[in-house]
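Biologist: I am new to this structure. Please show it to me, and let me ask how each label was reached.

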Amino acid sequence: MKKAHKNWNEFINEGRSIIIVASVICIDENEQILILLRGETAPRHPLHWDLPGGHVDQADGSVEGAGVRELQEEAGLDASIEDLQYLDKTIKNVTRNGSPREIIRHFFITQNWTGDVSLVPNPETDILEHIEYKWATFDEIQELSQSSIPNYILRKALNKVRDQDETTT
């Protein structure tokens with residue numbers, strides 16, 4: 001299949017300095033959420049709790065594809081694009097290497113995955129990005145002092161899951 005544009009990232013960013021990120025909110029049957037602790041050598045937010053996720057790469061083909069890849073790379077969990085449900089996005093303006101950038105972080109929910117959580121080095125860099133994981137309730141995450149997770153996003157995710165549960169029962 002021929003790509004419509006030689007540089008997918010350039011195409012979706014429309015020439016702007018934009019970083020697109022996909023984050024996956026895994027919610028288990030007890031309404032616990034998977035969170036990962038970044039390592040002390042992490043370039044951004046070291047020793048902060050976060051969700052599985054990361055930059056959209058050209059090979060991903062979509063934001064959802066990036067979410068699936070990051071979930072597997074960072075947590076060892078397998079999901080398909082169909083298992084992800086779009087929730088919301090945040091937009092943040094930052095300066096990196098002296099240049100202004102816009103970070104657009106897309107959040108997806110899943111309750112469908114296979115495998116057990118395992119923290120392994122990044123396949124491209126061989127760096128262990130996360131040093132710990134846990135399944136935590138919303139209240140437990142809210143109490144964390146070192147967290148990069150927007151609480152309102154988690155509240156919205158849990159409400160969406162609860163609403164879906166009510167319509168299926």
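**Salt bridges and burial**

Modeller: Start in helix 2. Glu-73 and Arg-69 both lie there, 4 residues apart, about one turn of the helix. Keep in mind that the model is predicted.

Biologist: What makes Glu-73 and Arg-69 a salt bridge?

Modeller: The cut-off is 4 Å between a side-chain nitrogen of Lys or Arg and a carboxyl oxygen of Asp or Glu. The closest N and O atoms of Glu-73 and Arg-69 are 3.2 Å apart. The pair therefore counts as a salt bridge.

Biologist: Why is Glu-73 called buried?

Modeller: Buried means under 20% relative accessible area. Glu-73 has 14%, so the label holds. Salt bridges that share partners also join Asp-57, Asp-60, Arg-69, Glu-70 and Glu-73 into one network.

Biologist: How do you know that Asp-57 pairs with Arg-69?

Modeller: Their closest N and O atoms are 3.2 Å apart, and a salt bridge needs them within 4 Å. Asp-57 sits in the loop between strand 4 and helix 2, while Arg-69 is in helix 2, 12 residues apart.

Biologist: Are Asp-57 and Arg-69 buried or partly exposed?

Modeller: Asp-57 has 28% relative accessible area, between the limits of 20% and 50%, so it is partly exposed. Arg-69 has 18%, under the 20% limit, so Arg-69 counts as buried.

Biologist: What makes the salt bridge of Arg-105 and Asp-50 a tie between parts of the chain?

Modeller: Their side chains meet at 2.6 Å, N to O. Arg-105 lies in strand 6 and Asp-50 in strand 3, so the pair ties together parts that are 55 residues apart in sequence. Arg-105 is buried at 12% relative accessibility. Asp-50 is buried too, at 5%.

Biologist: How many residues and elements does the protein chain have?

Modeller: The chain has 169 residues, of which 43% count as buried. There are 4 helices and 7 strands. From the N terminus on, they run α-β-β-β-β-α-β-β-β-α-α.

Biologist: What lines the largest pocket?

Modeller: Its volume is about 990 Å³. Of its 36 lining residues, the closest to the centre are Arg-38, Arg-44, Gly-53, Gly-54 and His-55. Strand 5 supplies the largest share, 5 residues. By class, the lining has 11 nonpolar, 12 polar and 13 charged residues.

Biologist: What makes Leu-47 part of a surface patch?

Modeller: A patch residue needs over 30% relative accessible area. Leu-47 has 39%, so it passes and counts as partly exposed. Leu-47, Leu-128 and Ile-131 form this nonpolar patch, with about 250 Å² of accessible area together. Leu-47 is in the loop between strand 2 and strand 3.

Biologist: What sets the phi of Asp-126 apart?

Modeller: Most residues other than glycine have a negative phi. Phi of Asp-126 is near 65°, a positive value. Asp-126 lies in the loop between strand 6 and strand 7.

How values were computed: Residues are numbered from 1 along each chain as its sequence is written. This is a predicted model: local features need pLDDT of at least 70, side-chain atom pairs count only at pLDDT 80 or more; totals for chains, interfaces and linings use all residues. Side-chain values use heavy atoms; hydrogens and water are left out. On a 1 Å grid over the protein atoms alone, a cavity is a set of points where a 1.4 Å probe fits but cannot get out, and a pocket is an open set with protein on both sides within 12 Å along at least five of seven lines; lining residues have an atom within 4 Å of a point. Grid points are joined across faces, edges and corners, and a volume is the space filled by probe spheres set on the points. Helices (H or I, at least four residues) and strands (E, at least two) are DSSP runs, numbered from the N terminus. Ala, Val, Leu, Ile, Met, Phe, Trp, Tyr, Cys and Pro count as nonpolar, Asp, Glu, Lys and Arg as charged, and the others, Gly among them, as polar. Patches are made of residues with over 30% relative accessible area and no salt bridge: like charges are joined within 9 Å, nonpolar side chains (Val, Leu, Ile, Met, Phe, Trp, Tyr) within 5 Å. Accessible areas come from the Shrake-Rupley method with a 1.4 Å probe; for residues, only the protein chains shown count as cover. Buried means under 20% relative accessible area, exposed over 50%, partly exposed in between (1.4 Å probe, protein chains only).
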